[in-house]
Amino acid sequence: MTAWVAISGILIVLFQASALVPTEKPTCVAGFQSDMLIYQVVRKHLRTGTRLGKVGFSDCTDRRAFPFHSDDSHFTVQADGMLKVKRPTDIHRHREFTIHSWDSQGHRISVPVRVVHHGHRHGKHHHTVERHHGERKHHNHPHHHTTENATDHQVPVLHFPKSVEGLRRRKRDWVIPPLSVSENDRGPYPLKVAQIRSSEDKIKKIFYSITGPGASEDPIGLFAMDRVTGNLYITQPLDREVPAAYIFQAHAMADGARTAEAPMDIIVNIIDQNDNKPFFAQNTFLGEVAEASQIGFEVIQVVATDLDAPNNDNSNVRYRILSQDPTLPSDHLFVVNPITGVIRVNARGLNREKYPKYTLVVQAADMKGEGSTGDTKVILTVTDSNDNAPVFTQPSYEASVEENKIDAHVLTLSVTDGDEPFSPAWNARFTIVGGDPGGLFTVKTTESNKQQGIISTAKPLDFERSTKHTLLVAVENEVIFATPLPTATATVVVTVLDVNEAPIFNPIEKKVSTREDLVAGSDVVQYTASDPDTARKQKVMYKIIRDPAGWLNVTKDTGLIKVKSVMDRESSFVKDDKYTVLIGAYDNDDVPATGTGTLIIQLEDVNDNAPAIEERAIKLCHKNSAPQLLSVTDKDGPGFAAPYSVSLHGLSKTNWTARMNESKTGILLNLATVLDSGEYTVVLRVADNQGLEQDSTVQATVCDCTGEEVICKGRVAGGTDLPVILGILGGILLLLMLVLLLLLFARRRRGEQKVPLLQDDDIRDNVYYYDEEGGGEDDQDYDLGVLHRGLDNRPEVFRNDVVPNFMPAPQYRPRPANPEEIGNFIDDNLKAADNDPTAPPYDSLLVFDYEGGGSDAGSLSSLNSSSSGDQDYNCLNEWGPRFKKLADMYGGGEDDDML
């Protein structure tokens, strides 16, 4: 017993001693008394000067007045912290702004402010202002306060999770229960929903705060916490639909900005209320229903949406039809599935012609059809069903069309239909069901008129094969008949009209092979055509339409093709040994029809071209020269070309050697003896493998050098060194410059003294006026030398009108035998003449001057005036003084006036 008393005494002493241990003195933190200031007003309109409440602020000094600034110009804060209305304003639900102040160190501190309008309270009708941000009570330090809510009530208290001793981590089984808050709560606000407590607040000063969505993140300020008491507030009604829950963090800081607890997650679940009506995605739904629809046919589906929480009665929607307009022939033609919203046909009697449209009002209600409602309109258009068959306007038709035409219009068929115009049940579709086994005809409708069928030819018709076709045409609609209906048909008789058809060659392209050296008049081939117009008994005649080289003739009556001039396989008109000619066949109708056939002549090669040497000039050294390789070509084919043979002729045999190379396609030419440097002509006779030979000359330049490298030096005086040569060249250059200067000086003097070809005061044909009679022309001193200014006075001009001999003449086309080819003949030869450098006039300078001695020009006296006197020469007066004389002479000018 004594032991227990002793132990109890020791425990009491220890407890009292622990109570006497002084706690850590909290330090001051400058700032506003709360993290958010909320003021409630009962009037929407606030007048100037209205006081809203006191703003608590401390900077840890003895000051009682502070500078404040509001970022909303409608409110102001006095130095003592009184918040007042600066300018009249209206509060719609709430107004938010920020107030700033500065501590003793000049640091800016800000606090969010919310002014909330909650209408009249306690039956008062005058304006009142209430503070809901709380008042701070002083504890151990004059600047440390505790905030209490004006509408305090029992709320859950959330404690920070405890840590295991020795380990700074949470217990795994410590779970913070979520908070549940009903949406659209009427308040009053701010509404206290919980209190946050730390186990450390018994021994030290703790400041609380929250961060995250709804606090420091969007939507900012939805939740607020008293930093001293840890009370958690909601500042305005919540809406579950945006969003259904909030998760943010609570923090506990010890006095001195030290972390007292690890952050704690707070979950606020919003309890759903039936505050949303069902609504349809469309104000009006549009649908179509065929008049022949069966009962139960699904027409359209309407869907309504409720934003309340899913899977409960608040969002459980049911559908029903409130009304139907018109109610005929039955007021229950349609029914809606209450769960899915699918509208179906419920009765028979739809008739597009009588009731083309129905309007339904459909309602959607939540709470399984007993709660809030939303309506929509459903407009159903009754569409036509194909219950009328198209009918031809007449049972039979007749038409005619010319033969040999494709896509030719034959006939247009018309039908009528009692269904809705331009609908698939009204649009007609035509088909040929009989009388056209060969597919010669086709029938189509146009986009503009679906009740007309146009029959046209799909293939050429042949009068000689069939003069008449009888077609059976049926008509249906684009959609099948709603009920069994007969298909309408019509008979179409098409008469084929005969036209003059061109003769047809058989074959269209004929190939023949012949030697190229056929003599003129030889037969090549007979190429004939037949006239498909067997009933007309027409005569077929022939002509050549295109013969590029003019080598052939065709017999008009028989089509026998003969050689007009010798053909040449090596001609430019021959491609791959083939010469192509276009032959025409025409009948003797009043309007002849012409058909064409192509004749391809394969020209067989003959040995008509001797081989020739390509290189006509060579250079080689006169000593130890290398053989020169000369190429040999032959226009004939391989059978009349290589191997070639060569021989030298004339003096070339003595000084030169020539032999064929190993392939017998080239000549190796070399000197047989040493020759002086100079130009030599070597005559070589080259023959092909058939012995056809031709002489070719090669101009050989023999140079004063030795070996294979040919170096031709100019002829200079022996022993003359380079300085002498340069001196001679310099003297020649100076002499040339002196001559050039003399020529320029002489030309300049002659240019200054040059008499114009025709002077303004030309003495010829001048009329002189005399004041008295005199000796006439004998008294005038004429200088006849002026009339001799022709080429004899122009020594620097010379004639060069001679045929150039250095350009080849083009090949002119011979005159065709066919008169119809005369146009092509003229065009081809005109182009050849334009490009012929050997045809006069040549490129030479021709000088035209005055009449004079030896002039080939006739006298101007032949230009006598017309006896009729109808010619007007007055226009010559405008051409200058030279023509004015002619105008006076022939037109009767001043000279006539003087007579």
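These are my notebook entries on a predicted model of one protein chain.

**Ground rules**

I number residues from 1 along each chain as its sequence is written, and my side-chain values use heavy atoms, with hydrogens and water left out.

**Whole chain**

I looked up the secondary structure and found seven helices and 55 strands. Both are DSSP runs numbered from the N terminus: helices are H or I with at least four residues, strands are E with at least two.

Next I checked burial. Of the 899 residues, 35% count as buried. Buried means under 20% relative accessible area, exposed means over 50%, and partly exposed lies in between (1.4 Å probe, protein chains only).

The chain exposes about 53,900 Å². Carbon and sulfur atoms supply 53% of that area. The areas come from the Shrake-Rupley method with a 1.4 Å probe; for residues, only the protein chains shown count as cover.

I then turned to contacts (heavy atoms within 4.5 Å). Taking those between residues at least 6 apart in sequence, 65% join residues at least 24 apart.

**Disulfides**

How many disulfides does the whole structure hold? My search found two. I count a pair of cysteine sulfur atoms within 2.5 Å.

Cys-621 and Cys-705 form one of them, with sulfur atoms 1.9 Å apart. This pair links distant parts of the chain, 84 residues apart. Cys-621 is in strand β49 (residues 617-623), and Cys-705 is in strand β55 (residues 693-706). The link is left-handed, with -100° about the S-S bond. Cys-621 is buried at 0% relative accessible area. Cys-705 is buried too, at 9%.

Cys-703 and Cys-712 also form a disulfide, with sulfur atoms 1.5 Å apart. I read 50° about its S-S bond, a right-handed link. Are its two ends buried or partly exposed? Cys-703 is buried at 3% relative accessibility, whereas Cys-712 is partly exposed at 39%.

**Aromatic rings**

I counted 16 aromatic pairs in the structure. Rings of Phe, Tyr and Trp (its six-membered ring) pair if their centres lie within 6.5 Å; planes under 30 degrees apart are stacked, over 60 edge-to-face, and the rest tilted.

Phe-505 and Tyr-542 form a tilted pair, 6.2 Å centre to centre with 55° between the planes. Phe-505 is in strand β39 (residues 504-505) and Tyr-542 in strand β43 (residues 540-546), 37 residues apart. Both residues are buried.

Trp-551 and Tyr-579 form a tilted pair as well, at 4.6 Å and 40°. Trp-551 lies in the loop between β43 and β44 (552-554), and Tyr-579 in strand β46 (residues 578-587), so the pair ties together parts 28 residues apart in sequence. I found Trp-551 and Tyr-579 buried.

Ring pairs also link Phe-32, Phe-57, Phe-66 and Phe-68 into a cluster.

I noted a charge over a ring too: the charged end of Lys-543 sits over Tyr-586, 5.1 Å from the ring centre. The test asks for NZ of Lys or CZ of Arg within 6 Å of the ring centre and within 35 degrees of the ring normal.

**Asp-375**

Where is Asp-375? I found it in strand β30 (residues 373-383). Asp-375 is partly exposed, at 47% relative accessible area. Leaving aside neighbours within four places in sequence, Asp-375 is in contact with Phe-280, Leu-322, Val-362 and Gln-363. Pro-278 is 97 residues from Asp-375 in sequence and 8.6 Å away in space, C-alpha to C-alpha.

How values were computed: Predicted model: local features only at pLDDT ≥ 70, side-chain atom pairs only at ≥ 80, totals over all residues.
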